[in-house]
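Subject: Model handover and notes

Hello,

Here is the structure for your files. My notes follow below it.

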Amino acid sequence: MRGLALNLLLAVVWALFSGEVSSRELVVGFLVGFLIVLLFPRALGAERYLERSRGLASFVVFFLRELTVANVQVALMSLRRDPQLNPMIVAVPLRLQSELGLTLLAAAITLMPGTVAMGLSHDRRTLYAHAVGLPTAQAARDSIVKVEEELLRFLQPGSRSFRQGEVLT
């Protein structure tokens with residue numbers, strides 16, 4: 001949070017020094033401020049901010065790529081004469097615990113064609129989702145775990161102990 005506050009402060013200072021407080025000057029100031037924070041992360045105490053920023057950028061790229069692939073797969077499936085929908089409901093154990101993380105995960109998988117978040121268990125440690133077009137329940141779980149891992153990179157930087165393919169019995 002310290003890095004973000006510093007970055008925003010630098011954006012405002014840039015806009016004030018430029019003599020014009022506009023959205024364009026604030027964006028330019030934010031980018032200049034980000035460059036300064038990027039060049040001197042230890043001196044400014046912004047290592048965590050930069051790690052979260054990289055995680056967020058990685059998640060955005062991952063999400064756009066997965067969204068595109070899922071759209072193409074569902075479009076191709078809909079064009080088949082006899083599509084193999086293979087509908088299923090899967091339970092996925094979660095590592096995300098924050099409200100923000102759970103909300104982002106549910107929104108991300110629901111936005112991707114072929115999967116819909118149905119709900120959480122009472123202890124909020126298991127996500128139930130409906131999926132179509134995937135060959136097995138494990139493939140559906142793996143695709144949701146991939147999204148969760150990308151979210152963990154920016155929501156909980158430093159947590160590198162990602163589990164792969166954990167299955168509920």
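Is Pro87 buried or exposed? Pro87 is exposed, at 56% relative accessible area. The cut-offs are under 20% for buried and over 50% for exposed, with partly exposed in between (1.4 Å probe, protein chains only).

First, the ground rules. This is a predicted model, where local features need pLDDT of at least 70, side-chain atom pairs count only at pLDDT 80 or more, and totals for chains, interfaces and linings use all residues. Residues are numbered from 1 along each chain as its sequence is written, and side-chain values use heavy atoms, without hydrogens and water.

Overall build

The protein has six helices and three strands. Both are DSSP runs numbered from the N terminus: helices are H or I with at least four residues, strands are E with at least two. Read from the N terminus, the order is α-α-α-α-β-α-β-β-α. The protein is more spread out than a compact globule, because its radius of gyration is 20 Å, well over the 15 Å that the globule rule gives for 169 residues. That radius is taken over C-alpha atoms, and the rule is 2.2 Å times the number of residues to the power 0.38. The C-alpha trace spans about 65 × 35 × 25 Å along its principal axes.

Of the 169 residues, 33% count as buried. Contact means heavy atoms within 4.5 Å. Among contacts with a separation of 6 or more, 62% join residues 24 or more positions apart.

Surface and charge

Record annotation

The unreviewed UniProt entry lists residues 28-44, 56-80 and 100-120 as "transmembrane region". Positions are in the numbering used here, feature names are shortened, and annotations may be inferred rather than shown by experiment. In the model, residues 28-44 are 94% helix and 0% strand, with end C-alpha atoms 20 Å apart. Residues 56-80 are 96% helix and 0% strand, and their end C-alpha atoms lie 36 Å apart.

Loop between α4 and β1

Pro87 sits in this loop. Leaving out residues up to four places away in sequence, Pro87 touches His130, Ala131 and Val132. Leu67 is 20 residues from Pro87 in sequence, and their C-alpha atoms are 19 Å apart. Asn86 is in the loop between α4 (47-79) and β1 (88-93) too. Asn86 is partly exposed at 35% relative accessibility. Its phi is near 50°, positive in a residue other than glycine.

Other loops

Arg124 lies between β2 (115-120) and β3 (126-131). Its phi is near 60°, again positive in a residue other than glycine. Arg124 is partly exposed at 34%.

Pro113 is in the loop between α5 (99-111) and β2. Pro113 is partly exposed, at 25%. Beyond its neighbours within four places in sequence, Pro113 contacts Leu67, Ala70, Asn71 and Val74. Glu149 is 36 residues from Pro113 along the chain, with 19 Å between their C-alpha atoms.

Best wishes
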